[in-house]
Amino acid sequence: MTPDAHPMLPPVRVLVFGAALRAESTNARLAALTAGLVVEAGGVVDLAQMHDFDMPLYDGDIEAAQGVPPGALTLRGRIERCDAFVISSPEYNASVPGVLKNAIDWVSRVQPQPFKTKHALLVSASPSMVGGNRGLWALRVPLEHLGTRVYPDMFSLPRAHEGFTDDGRLAHSGAQERLAETVSGFMHLVRADKEYVCLQRRWYEFPGDRTDAPVTHRAED
């Protein structure tokens, strides 16, 4: 039994994916490493890559004529089936990769959109000295706008091209420890939110989203 697992409790299900298209992306490696840490923390992982969610650039005319593309519907379904998700994202010009922002925009068009009420952990790997951290701050904006509870701590791996050992761990022991601690803290929060269903939370809706009740139980069926 994994350290944080409990035989009488439902598992915490986490979608983990790297938001880069390049086959040898360091963010794919970071996503795989993070997925292993999620399992060590008692979670059940759905490991994915951006190629699993192929979709065109968002175009309102395409949506009107053909509806939401299959790739976006697939991503929506896999988010919906999980309690939380982890994105390992590269940084493009100090911001969010276009392919990732496009996926978020398409998925947000499905009603009900799945980002609201989900927990998210953001990590990044970059050859730069800041490790993609600027891109993660930009990524928080659309996710939090859509109601995602983005974990306050983020992890960024600088000089990622030389940051991994042959067995897939981080070359710097301090970085490996910090990533493990971040994942563990995130998983404890998600499990607490999943299990303590007696808690009530007031929702502050984003523009365009509506709810009939000002106070909602965390457990929704």
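Asp83 is buried, with a relative accessible area of 18%; buried here means under 20% relative accessible area, computed with a 1.4 Å probe on protein chains only. The model is predicted, so local features need pLDDT of at least 70 and side-chain atom pairs count only at pLDDT 80 or more, while totals for chains, interfaces and linings use all residues. Residues are numbered from 1 along each chain as its sequence is written, and side-chain values use heavy atoms, with hydrogens and water left out.

To place this residue, Asp83 sits in the loop between α3 (70-80) and β3 (84-88); helices (H or I, at least four residues) and strands (E, at least two) are DSSP runs numbered from the N terminus. The side chain of Asp83 is joined to that of Lys194 by a polar contact of 3.1 Å, that is, a pair of N or O atoms within 3.5 Å, one able to donate a hydrogen and the other to accept it, where residues adjacent in sequence count only if both atoms are side-chain atoms. Apart from neighbours within four places in sequence, Asp83 is in contact with Pro11, Val12, Arg13, Lys118, His119, Val190 and Lys194, contact meaning heavy atoms within 4.5 Å.

Ser88 is the bridge partner of Gly18, and Ala120 in β4 is that of Phe85.

What lines the largest cavity? Phe17, Leu75, Ile79, Phe85, Ile87, Leu100, Ile104 and Phe115 do, and α3, β3 and α4 each supply at least two residues of this lining. On a 1 Å grid over the protein atoms alone, a cavity is a set of points where a 1.4 Å probe fits but cannot get out, and lining residues have an atom within 4 Å of a point. The largest cavity holds about 50 Å³ of space.

Terms used
Buried < 20%, exposed > 50% of the residue type's maximum accessible area, 1.4 Å probe, protein only. Pairing = 2+ DSSP bridges. 1 Å grid on protein atoms, 1.4 Å probe; cavity = no way out; pocket = protein on both sides within 12 Å on 5 of 7 lines; lining within 4 Å. Points joined across faces, edges and corners; volume = space filled by probe spheres on them.
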